[in-house]
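Q: Please take me through this structure feature by feature. I would like the general idea each time, then the case at hand.

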Amino acid sequence: MDKMKYWLMKSEPDTYSIDDLEREGVNMWEGCRNYTVRNFFRDQFQIGDRALFYHSNAEPSGIVGEMEVVSLAYPDPTQFDPASDYFDPKSPREIPRWLAVDVRFRRRYPRIIPLAEIRTIPELGAMGVVQRGQRLSVMPVTPEEMRIIRALVGLPAED
């Protein structure tokens with residue numbers, strides 16, 4: 001197994017929040033309709049990777065906790081469901097266009113780390129989430145960025 005990777009995964013809390021994941025324990029991270037994200041899921045995500053849970057379009061938007069990747073990528077079933085907001089009539093079942101992964105709740109942070117605060121920390125200036133025009137819902141995080149984020153809420157670098 002390759003070295004663990006770190007990610008930031010965004011969700012609007014009124015669509016799916018850390019509260020939902022905490023209640024469910026494990027759930028499918030579905031609905032991503034971007035080829036870069038699909039390629040991350042397919043080519044880079046590994047079981048055991050850690051992800052920051054980021055509430056987007058919230059007041060305030062920010063990092064609210066952590067989750068763990070517990071499955072390899074698999075075809076996102078919502079792409080085939082006409083009743084789903086994520087239905088894609090151009091995605092064939094034989095060669096699915098979109099992928100999902102399963103994630104498990106790890107922890108809620110004792111406070112939200114708002115985007116405005118992240119922007120003030122020079123060592124986090126290269127994070128995808130602070131880049132102007134960055135619209136990806138899933139993006140890589142370096143081990144050093146993860147260490148800094150965890151330190152902001154009083155957690156050790158790893159656990």
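Q: What covers the buried residues of α2?

A: Some ground rules come before the answer. This is a predicted model, in which local features need pLDDT of at least 70, side-chain atom pairs count only at pLDDT 80 or more, and totals for chains, interfaces and linings use all residues. Residues are numbered from 1 along each chain as its sequence is written, and side-chain values use heavy atoms, with hydrogens and water left out. Helices (H or I, at least four residues) and strands (E, at least two) are DSSP runs, numbered from the N terminus. Contact means heavy atoms within 4.5 Å. The cover over the buried residues of α2 includes β1 (6-11), β2 (26-29), β6 (99-114) and β7 (138-141).

Q: Which residues of helix α2 are buried?

A: Buried means under 20% relative accessible area, exposed over 50%, and partly exposed in between (1.4 Å probe, protein chains only). In helix α2 (residues 35-43), Val37, Arg38, Phe40 and Phe41 are buried. Seen down the axis of α2, these buried residues fall within an arc of 155 degrees, so they line one face of the helix. The arc is taken from the directions from the helix axis to the C-beta atoms.

Q: What does Phe41 touch?

A: Leaving out residues up to four places away in sequence, Phe41 touches Met9, Trp29, Cys32, Ala73, Leu99, Ala100, Val101 and Val138. A nonpolar core is a set of buried Ala, Val, Leu, Ile, Met, Phe, Trp, Tyr and Cys residues joined through side-chain atoms within 4.5 Å. The largest such core has 42 residues, and Met9, Trp29, Phe41 and Val138 have the most contacts inside it. Strand β6 gives the largest share of this core, six residues.

Q: How many aromatic pairs are there?

A: Rings of Phe, Tyr and Trp (its six-membered ring) pair if their centres lie within 6.5 Å; planes under 30 degrees apart count as stacked, over 60 as edge-to-face and the rest as tilted. The count comes to six aromatic pairs. For Tyr16 and Trp29, the ring centres are 6.3 Å apart and the planes are at 85 degrees, so the pair is edge-to-face. This pair links distant parts of the chain, with Tyr16 in the loop between β1 and α1 (18-24) and Trp29 in strand β2, 13 residues apart. Ring pairs also link Trp7, Phe40, Phe41 and Phe45 into a cluster.

Q: Where is Ser91 found?

A: Ser91 is in the loop between β5 (74-75) and β6. Its relative accessible area is 7%, so Ser91 is buried.
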